[in-house]
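Subject: Structure handover

Hello,

Here is the structure I promised to pass on. Please open it beside this note, then read on for what I found.

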Amino acid sequence: MGRYILRRLLQMIPTLLAVAALIFLIFSVLPGSFAGTMTGGGRRALSPELVAQINAQFGLDKPLPVRFWDYLVRLAQFDLGTSFRTREPVVDLIAARIWPSLQLALSAMALAVTVGIPLGFLAAMRPGSLLDSITMIGAVSGLSMPQFWLGLLLMYVFALQLGWLPSFGYGDGRLRNLILPAIALGFAPLALLARTTRAGVLEVMGSDHIRTAMAKGTSPAQMIRWHVLRNVMVLIVTTLGLQIGSLLGQALVIEKLFSWPGLGSLMVDSVAIRDIPVVQGTILVIVLWFLVINVLVDVIYAVIDPRISLR
Amino acid sequence: MIMRATIGALLLAGTALCAPAAWAQDVQRGGTLNFTAPYGSSVGTLDITASAEVQTEIVAHAMHRSLYKWNPETGKPEPDLFTDVTISDDGLVYTYKLRDDAVFHNDKPFTADDVIYSYNRIATPATASPSANFISRIKGFEDVQGGSATEMSGLKKIDNHTLEITFTASQDPGFDLMQNYVPIYPSNVEGDTQATQPVGLGPFRFVEHVPGSRVSFERFEGFFGEDDQPYLDRLNILIMGEAAARDVAFRNQEIDVSVLGSQQYQEYQADPDLSKGLLEVAELFTRVVGFDTTKPPFDDKRVRQAVNYGIDKDLIIDRLVKGKAFPAVGFMPTTSPAFDPDAQGYAYDPEKAKALLEEAGHADGIDLPVIANQNESWGAPIVEAIIPMLAKANIRASVEPVENAVLEDRITAGNFTAFIWSLSSGPDPLNILRCFYSKTAQSACNYTKFSNPEVDKLYEAAQQERDEAKRNDLIRQADGIIREEAPYWFFNYNKAVMAHQPWVHGLRGNPQELAIQDYDKIWIDDTAPADRKPQ
């Protein structure tokens, strides 16, 4: 397994390089420049000298191939460059944002797992029941509801009306500040997990080996533990992996709404002002996160299903 | 006339009345103010000399001071870090007697060395500072920028508290040197560290920056001046770019002030409680559609005038901008000292617009493609609204929506037929007139490539004029010509609105930018929430 993991980790390198090249090229041809934003939105005159100085300082006056080569060389040295906007190393900016981002993403997933999977199981055990109907209505709502709107709704109810929780802010990472953004972010994966779990359990429950087990007199608890859970776990882990992987990138709406200092809001602000090194850095981190989660999911497959071997 | 009277009343309410009303109560010391920075979800850098963003300025104003300061009541710069100044007969040499009671947050006493260090640092090309424009009239600036010198020859230390600055033009340097973008940094601190550990002369000392969330400060006990001691113990500037989130937080009393958009303005006005805490001011911003005056058919002033006659701006301001703006008469706003109170703007007259087009040889009509961002008050929604109006005048307007960075890039590169934007129109009217001077580069604010010999002459004369009233008169004349030449469709002057909680006092209607407040003048009373009220 160790060799497999090493091989998968090495396979990430060309993927990351391809992503890096793509981001570089996209932002090189995209209209708009960092120097152009120095008018402060029409508030001040922009001198040609300043534009030349900014372009010289950040190497933007060099030909595209030279800039691309410089970028790759820096990347090979784990140097993500310097932010145009803050003039600080991009690594430092990302380091300051990565923990709040992970806090939010992992909390949202913890909520989705602890509520979504049991709900899906319970609904599947009693198909057509009131609980099943409520769960599925909730799941459809959760999947179709825009995050922004849900976030506002949560703010309105739990902050404004009930006064239980703060409506915004990081608050030094306190739990009470985390609850609302985590619910807003975690609701869609929760709904998806509940739906997936229900569908998976229903499928397994209808299979021949379950009928055989039931005919043999296996107790419901044993049947769920040994036959249903193990079979449905591959499906759940796949869904879970995809959701965790994409959550860092998806969080930007919630981060902006709740003034949560994560990677998503940093990326959006950086795109707006064409702070290209920061955009490249944040996207690379988000892609890296996705790839690492994928490797983990593959490893977990082998652990939960002996039929899957890792070579 | 009624409109102007209303603006005057608003300004009065925003500036003069606001503060005295607050002082009528017993001032209370202490407490924490939760202020908001509404222009984005982060503060780029804490070094204001490396930024052109208002978001950074909101933060910088708490901890830094410049040589001059802006007085929103008089609309003029006034001394801040100096007590006296002597001006040479030719108006080029200023000898400043600097304050001897000012101390930086790191306990370093303020001296002439700090001013020289700060200005030279901004001028150095290696810093690529967007603040450089503000010190470009100091003698020797060009040499430093060109690399032939490392220090500006126009900065001369006489003694620790006497500084001589030689300028290359006799224009009042106060408007430039009062900017928050040219703060005085301590000369014993490496400039680069200002981005993360800022040290200044301001009333509040930096405590913590949680990127994307907040910047926190505490009162600086060593702040200069007996009467200028800040009232608040702590100041949190909360980064909240999302208007809907600000609204909930304000109603939930988690924040003490909020800057309102047009939709919220209408809702707050309608609310009996919230409407009591609205601070309004006519800001020095003019919203316009700019034409490339060198490109046919917009090289003909009759065509440009036709666009001005072809739009019912009052209707747009009423319906779309929800009354959160004042109809523009010309470029200089009503709050500018160079505004002409007798000036008449373009009234809505589609027939006249059509006639002007025919007279210009465009009986078949013209196309007007406008690049615009998504701003609700001066972006694509406004262009969408003027399309049917202009159609009646045979002008086929269309909108090309672009991202803000693209808009700025295309405008400064001259890559447009027309654009819609919000442009600074103050506080220094002479500096604004420079944007209509034919020798000003297109990218450096002469966006419409405007060229008029009469305006050039008036600008040059105003530059030489030392008497303020006469200078403003010259600028007023130039503004009249610009109004007639119509390089822009003059849309509106922004009405900025700030909502504040009932326990907040001392806010001032700053027409430069309402979100920039003198935090040392603000105090809160004991009706504030328990975690923030004075103890």
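Start with residues 98–297 of chain A. That stretch is 83% helix and 0% strand, and its end C-alpha atoms are 21 Å apart. An unreviewed UniProt entry places the feature "domain: ABC transmembrane type-1" there. Please keep in mind that this is a predicted model.

For "transmembrane region", UniProt (unreviewed entry) lists residues 102–124, 136–158, 178–195, 232–258 and 278–304 of chain A. I looked at two of them. Residues 136–158 of chain A are 91% helix and 0% strand, with end C-alpha atoms 24 Å apart. Residues 278–304 of chain A are 100% helix and 0% strand, and there the end C-alpha atoms lie 39 Å apart.

Is A:Trp289 buried or exposed? A:Trp289 is buried, because 21 other C-beta atoms lie within 10 Å and the cut-off for buried is 20 or more. Beyond its neighbours within four places in sequence, A:Trp289 is in contact with A:Gly245 and A:Leu248. A:Gly264 is 25 residues away along the chain, and its C-alpha atom is 13 Å from that of A:Trp289.

Next, the contact between the chains. Chain A gives 48 residues and chain B gives 49 residues. On the side of chain A that touches chain B, helices 2 (48–57), 4 (90–125), 6 (147–161), 10 (252–257) and 11 (263–272) each supply at least two residues. Helix 2 of chain A has the largest share, 6 residues. By type, that side of chain A divides into 23 nonpolar, 15 polar and 10 charged residues.

Now chain B. An open sheet of 4 strands runs in the order 4-5-7-6, with antiparallel pairing. From one strand to the next, the twist averages 20°. Strand 6 and strand 7 (residues 162–166) of chain B pair over 4 bridges. B:Leu163, in strand 7, is the bridge partner of B:Lys157. Helix 3 (residues 112–123) of chain B lies across strands 5 (93–98), 6 and 7, at about 170° to strand 6.

Helix 15 of chain B covers residues 468–485. Its 18 residues reach 25 Å from first C-alpha to last, close to the 26 Å expected. Its buried residues include B:Leu474, B:Ile475, B:Ala478 and B:Ile482. The buried residues of helix 15 pack against helix 13 (429–433) and helix 14 (453–464) of chain B. Just after helix 15, B:Ala486 takes a positive phi of about 50°.

A few backbone details in chain B are left.

- A cis peptide bond joins B:Pro296 and B:Pro297, with omega about 0°. B:Pro297 is in the loop between strand 12 (278–291) and helix 8 (301–309) of chain B.
- A cis peptide bond also joins B:Gly426 and B:Pro427, with omega about 5°. B:Pro427 is in the loop between strand 16 (418–424) and helix 13 of chain B.
- B:Ala128 has a positive phi, near 45°. B:Ala128 is buried, with 22 other C-beta atoms within 10 Å.
- B:Gln253 has a positive phi, near 60°. B:Gln253 is partly exposed, with 15 other C-beta atoms within 10 Å.

Best wishes

Key. Residues numbered from 1 in each chain as written. Chains lettered and ligands numbered in written order. Predicted model: local features only at pLDDT ≥ 70, side-chain atom pairs only at ≥ 80, totals over all residues. UniProt positions renumbered as here; feature names shortened; annotations may be inferred. Contact = placed C-beta atoms within 7 Å. Nonpolar A, V, L, I, M, F, W, Y, C, P; charged D, E, K, R; others polar. Pairing = 2+ DSSP bridges. Axes fitted to C-alpha atoms, helices over the stretch in contact; angles between N-to-C directions. Buried ≥ 20, exposed ≤ 12 C-beta atoms within 10 Å, placed from the backbone. Expected span 1.5 Å × (residues − 1).
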